[in-house]
Amino acid sequence: MNYPRPSLRLSLCLATLVAVFCAPPAALALGDDWRPIEASELALKSPVVEPDADAEVLFWDVRIDDDQADLVFKHYVRIKVFTDRGRESQSKVDIPYLTKFVQIKDVAGRTIKADGSILELKKSDIFERDIVKANGLKLKAKSFAMPGIEAGAIIEYRWREVRPGAMVRYQRLHFQRDIPMQRVTYHVKPLQSPYFPFAMRYQQFRTQAGSKFEKEKEGFFAFTQTNVPAFREEPHMPPEDQVRSWMLVYYSPDTNLEPAKYWKDYGRRVHELFKGRVKGGDDVKKAAAEIVGDAATPEQKLERIYEFCRTKIQNVSDDASGMSAAEIEKAKENKSASDTLKRGVGNGGDIDMLFGALASAVGFDVRVAMAADRGDIFFDATFADDYFINPASIAVRVGEGWRFFNPGYGYLPFGMLRWQEEGTATLVTDPKEPTFVLPPVSAPEKSLQKRIARLKLSEDGTLEGDVRLEYTGHYAVEMKEYNDDDSPAEREETLKGRIKSRLPGAEISNIRVENVTDYAKPFAYQFHVRVPGYAQRTGKRLFIRPAFFQFGLDPLFPTSARRHAVYFHYPWSEDDSVEIGLPEGFALDNAEAPTPYGADAISTYKPTLAVTKDGRTLVYKRQFTFNSRTAEGSPMILPAGGYSRVKAFFDEIHKQDSHTVSIKQGAAATPTATSDAAKP
């Protein structure tokens with residue numbers, strides 16, 4: 001649910017985002033002066049941590065002062081460049097941040113060349129730009145290019161990260177970046193206040209054995225890791241914080257809590273906190289009866305209530321609400337389900353609570369459910385703290401089990417949760433016996449990519465025609481969330497970028513982006529495309545790949561070895577239909593169909609190839625399903641030890657998607673199907 005966390009937790013989330021996405025390593029600035037360069041650092045010829053590294057951090061220090069009005073991070077990093085590849089990778093620096101909550105100040109940098117000469121980064125060369133991370137998160141960044149970098153040089157830069165008025169009860173400190181580091185040190189000054197009588201504590205994740213905070217001067221404590229290898233992303237791996245080295249620093253009054261007792265007490269407390277919000281007065285009962293109407297089954301009743309909450313209550317948490325920031329700011333706080341119903345406006349949490357109250361009013365047993373985000377980290381109930389768990393959905397007892405609903409979150413279809421909350425331990429609160437339940441992962445057919453192309457091939461190999469792409473389920477949620485705050489022009493540019501990334505010469509026109517803010521309908525693109533040179537001509541033959549939607553894609557798993565497990569966010573399915581009209585005077589010369597393929601209950605791959613009765617149109621269809629969930633309904637994690645089998649499977653799919661057929665000028669038309677597929 002979009003229920004706001006307490007202010008302490010909100011501050012934490014923002015701090016975490018900046019810590020996670022600040023790509024350049026950072027370090028401690030002890031005053032305004034640069035630290036002296038050691039002769040040994042200039043003389044260093046090869047990396048220490050990883051023998052084949054192109055560049056290496058000599059030190060990365062961060063000073064975090066939590067004992068003042070603003071939370072301040074002082075960063076200082078020094079990097080040694082060994083090769084030309086290192087020069088290229090380190091020459092441009094981005095410092096990402098969230099403009100609403102973070103200020104980046106006092107950026108400075110310099111390059112120390114191998115002969116000891118120094119080039120300062122000019123203030124005029126520091127600028128702000130928009131960036132998009134690989135996971136789709138959109139951020140601002142302070143950007144600059146380091147001057148005069150060459151192999152053998154040292155570069156260093158520093159900045160201050162200021163979060164005005166922030167008090168952070170939790171903070172993630174990361175020890176791995178995309179570059180190896182000789183030394184990483186965090187210096188933390190805890191909050192000291194008689195009004196905040198909590199002690200600073202920390203939980204380590206994959207840190208070096210024996211590591212601990214050491215007391216320093218002026219109230220600081222230091223935590224150091226040495227010879228830290230680079231963290232390298234791999235396609236479809238578990239969340240970064242599930243596999244890399246980091247530490248959670250937090251404030252808590254309790255120590256040595258017994259997890260089972262903690263979660264039972266916590267589930268009771270949360271139930272008490274929210275029980276009034278999922279109950280309603282006579283107005284809610286009357287509205288519930290009218291909404292349900294003649295619905296007979298539990299499913300029908302819940303779907304009608306869900307639809308009402310989605311369509312009749314304006315969601316101020318949604319980018320598609322149509323309300324300005326000023327209007328949202330002025331909106332009154334809803335203190336009950338009756339308030340939300342009466343005003344017809346609320347945030348995501350309000351809408352979820354109204355759904356719960358309406359369901360309760362017609363006789364359902366309703367609870368607030370607390371879930372972790374498996375897109376962030378896999379939940380571990382042995383850590384007795386509520387940091388990783390959050391009010392996420394409304395649990396409704398149906399029959400002997402619990403169903404979970406979140407109408408307050410954007411674009412979720414009825415019966416689905418965010419993929420991040422499917423298949424993860426969810427605490428169903430209760431006045432006596434709270435219990436962890438596993439909401440099932442949605443089936444592959446729920447998240448479908450349906451793609452249709454009606455194309456015409458020219459004699460010179462140009463392919464041109466109309467294309468439609470539709471996305472449902474989790475695909476649709478992701479596409480809508482990514483596009484809903486963009487302008488129409490920005491949405492078109494997003495599509496063009498996606499197409500041209502695999503078809504560089506493509507010309508795209510007549511773009512329509514549909515259902516961006518409609519939760520019930522598929523997100524859709526429709527456009528006209530022209531691709532010169534799609535087919536290769538040799539003499540009288542044209543060689544063409546009928547799998548148009550896979551053309552230009554690289555193998556899903558390109559490397560022969562792998563460090564991390566394979567982890568798909570959710571099961572999915574693909575349904576492609578491609579018609580290619582052949583040039584006048586050409587006919588199929590060699591058109592064997594690609595080979596169907598599968599892996600028992602996990603995946604099916606069914607390509608078919610046929611021609612129309614007149615032999616003038618090639619018809620290619622492709623159905624692919626991947627069921628990345630266990631029999632118990634949890635997400636499937638494929639260990640790195642079995643990577644060769646996973647890679648072999650998807651390599652075979654890629655091979656079949658690359659299947660090429662030949663058409664020949666002057667050949668007789670072939671009026672029969674070229675596979676066992678039904679003729680169109």
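Contact here means heavy atoms within 4.5 Å. Helices are DSSP runs of H or I with at least four residues, strands are runs of E with at least two, and both are numbered from the N terminus.

This is a predicted model, where local features need pLDDT of at least 70, side-chain atom pairs count only at pLDDT 80 or more, and totals for chains, interfaces and linings use all residues. Residues are numbered from 1 along each chain as its sequence is written, and side-chain values use heavy atoms, with hydrogens and water left out.

Let me start with the whole chain. It holds 13 helices and 35 strands. Of its 680 residues, 51% count as buried. Buried means under 20% relative accessible area, exposed means over 50%, and partly exposed lies in between, with a 1.4 Å probe and protein chains only. Now take the contacts with a separation of 6 or more: 76% of them come from residues 24 or more positions apart.

Next, a helix pair. V284, K285, A287, A288 and I291 in α6 meet A357, L358 and A361 in α10. By class, that contact has seven nonpolar residues, no polar ones and one charged. For those classes, Ala, Val, Leu, Ile, Met, Phe, Trp, Tyr, Cys and Pro are nonpolar, Asp, Glu, Lys and Arg are charged, and the others, Gly among them, are polar. How do the two helices cross? Helix α6 spans residues 282–292, helix α10 spans 348–361, and they pack at about 80° with axes 8 Å apart. So α6 is roughly perpendicular to α10. The cut-offs are 65 to 115 degrees for roughly perpendicular, under 35 for roughly parallel, over 145 for roughly antiparallel, and oblique for the rest. Axes are lines fitted to C-alpha atoms, for helices over the stretch in contact, and angles run from 0 to 180 degrees between N-to-C directions.

Helix α6 comes up again with α7, residues 298–312. The buried residues of α7 are L302, I305, Y306, F308, C309 and R310. They pack against α6, α9 (337–343), α10, β18 (390–398) and β19 (401–405). Helix α7 has 15 residues and reaches 21 Å from first C-alpha to last, close to the 21 Å expected at 1.5 Å a residue. That expected span is 1.5 Å times one less than the number of residues.

On to α13, residues 643–657. Its 15 residues should span 21 Å at 1.5 Å a residue, and its end C-alpha atoms are 21 Å apart, so the two agree. Among its buried residues are Y643, F649, F650 and I653. Their cover includes strands β31 (597–599), β32 (603–611) and β33 (617–626).

One lysine deserves a stop. K647 sits in α13. Is K647 buried or exposed? It counts as buried, because its relative accessibility is 16%. Beyond its neighbours within four places in sequence, K647 contacts F557, P558, T559 and S560.

Now the cores. A nonpolar core is a set of buried Ala, Val, Leu, Ile, Met, Phe, Trp, Tyr and Cys residues joined through side-chain atoms within 4.5 Å. The largest has 58 residues, and V467, F527, V529 and F548 have the most contacts inside it. A second, separate core has 54 residues, including L341, I351, V368 and Y409.

D106 is not a glycine, yet its phi is positive, about 55°. D106 lies in strand β4, residues 103–112. N227, also a residue other than glycine, has a positive phi near 50°. N227 lies in strand β13, residues 221–228. With 44% relative accessible area, N227 is partly exposed.
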